[in-house]
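Here's a quick tour of a protein model, from the overall fold down to a couple of helices. Have a look at it first.

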Amino acid sequence: MKTHLLIASACLLALLSTIGAALPYPILPPLFAAGATNGLNTFLGLPPKLLFGLALTINPLGLLIGSALLGPMSDRYGRRPVLLITAVGAAIGHAVTAGALIIENYPLFIIARFVTGLLEGSGSVARALLADRLDGDLRRKALSWLNGAFYMGWLAGPLLAGATLQFGITTPFWVAVAALLLVAALVAATLPREAASGATTAWWQVARDRHSLNLLREPDLRSLFIVTLAYTCGVTAFYEFYPLWLVEVPGYGAQGIAWVTAAMCAVMTATTIVAGRPFKGEPLLRARLYAFTVAAIIALLAASNATLGLICIILYGIPHSFYNAIVPNYCAERFGGAHGQGAVMGLISTTFCLANIIMAQAGAVLTLIDTRLILLLGAALSAWSAWRMHSWHHSMNRRVEGAVP
């Protein structure tokens, strides 16, 4: 298969899969917080905000588990079959979600959102696909472009949902079904069949024994997990709570938040085009500078006025895109051969999902006092990650030098 077709297929797969995951987010708040009574927000007589919180959390929880499992399973069974099964399965999940909305069945809605998240954790498989077949500067560029496709999906999903809601509350979910079936068709058409692995182990045994968190037994990969989790906690603190800052400081409504988000994602996506270019020097030390820059921007946002804060939000994506162009490629080169690209990329994806859950819970408490506190905590965690990256880099170099006879 030609290289350019492989990269284009992986990026389109990432874009369409992420659109499917992001579509529901503008739909949920009115269902639970608009004051109108329905079968979803009155389940068991529980408070609507509690039901809303569970509805928000359950999909990222599935995504967390899927990210840890699907990459290693693709190492064992092949990228093509895992991508086909997850795309079709996630499409079915969105269809069941639409059905649950029609009949206003909250338990079915929660189960469908969890299973859909579980199957949408296949971003690690797309990354592993590129890491398998490319190397050097081309792999770095391709992974950077793949990140851009993910960014675009998170932007396009909510915008597409807003544009299709006028045709009915379930319409965005049927759009997601169509997008994911297109992903399955794309995978079937562009990825060659892989040779049978001869594996006879049951899938549940593979999931139990080969999930990405098993890599934490290795000291270097445990350090990778800690460093990337801390950095990603800072990133998710920014993502989850800058909209609240926009409401409280410049007084923006939904439309203003949407335009600022669109500008930020446009800058971030454009940056990915050049973020994968070759550079001299140690990758981790370069990523460390970008992590410090991200931390400074988040801290400045917490302390700034409306005008300066808007500039921080829009420019934030530049150093973050460069960081994301370096770290996955470094991990693919350093750890992928020994532990499997799917497992390593799955570990990186798992940190994002776990960080979302951690910072959402921390923010629920800190924002009761002041929204700026969760932003400052995020900045501190990203800065600590950058500081820790320096010692991690030197400890790995000492270990490598000690292994050389």
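## Ground rules

This is a predicted model, where local features need pLDDT of at least 70, side-chain atom pairs count only at pLDDT 80 or more, and totals for chains, interfaces and linings use all residues. Residues are numbered from 1 along each chain as its sequence is written, and side-chain values use heavy atoms, leaving out hydrogens and water.

## The overall fold

The protein chain has 16 helices and zero strands. Both are DSSP runs numbered from the N terminus: helices are H or I with at least four residues, strands E with at least two.

Of the 405 residues, 51% are buried (under 20% relative accessible area; exposed is over 50%, partly exposed in between; 1.4 Å probe, protein chains only). Among contacts (heavy atoms within 4.5 Å) with a separation of 6 or more, 83% link residues 24 or more positions apart.

## The outside

Val88, Ile92, Val96, Ile102, Ile103, Leu108 and Leu181 make a nonpolar surface patch of about 580 Å². Helix α4 (residues 79–103) gives the largest share, five residues. Ile103 sits in α4 and is exposed, at 53% relative accessible area.

## A covered helix

Helix α6 (residues 123–133) is mostly covered, with nine of its 11 residues buried. Among them are Arg127, Ser124 and Leu130.

Note on methods:
Patches are made of residues with over 30% relative accessible area and no salt bridge: like charges are joined within 9 Å, nonpolar side chains (Val, Leu, Ile, Met, Phe, Trp, Tyr) within 5 Å. Accessible areas come from the Shrake-Rupley method with a 1.4 Å probe; for residues, only the protein chains shown count as cover. A salt bridge is a side-chain nitrogen of Lys or Arg within 4 Å of a carboxyl oxygen of Asp or Glu.
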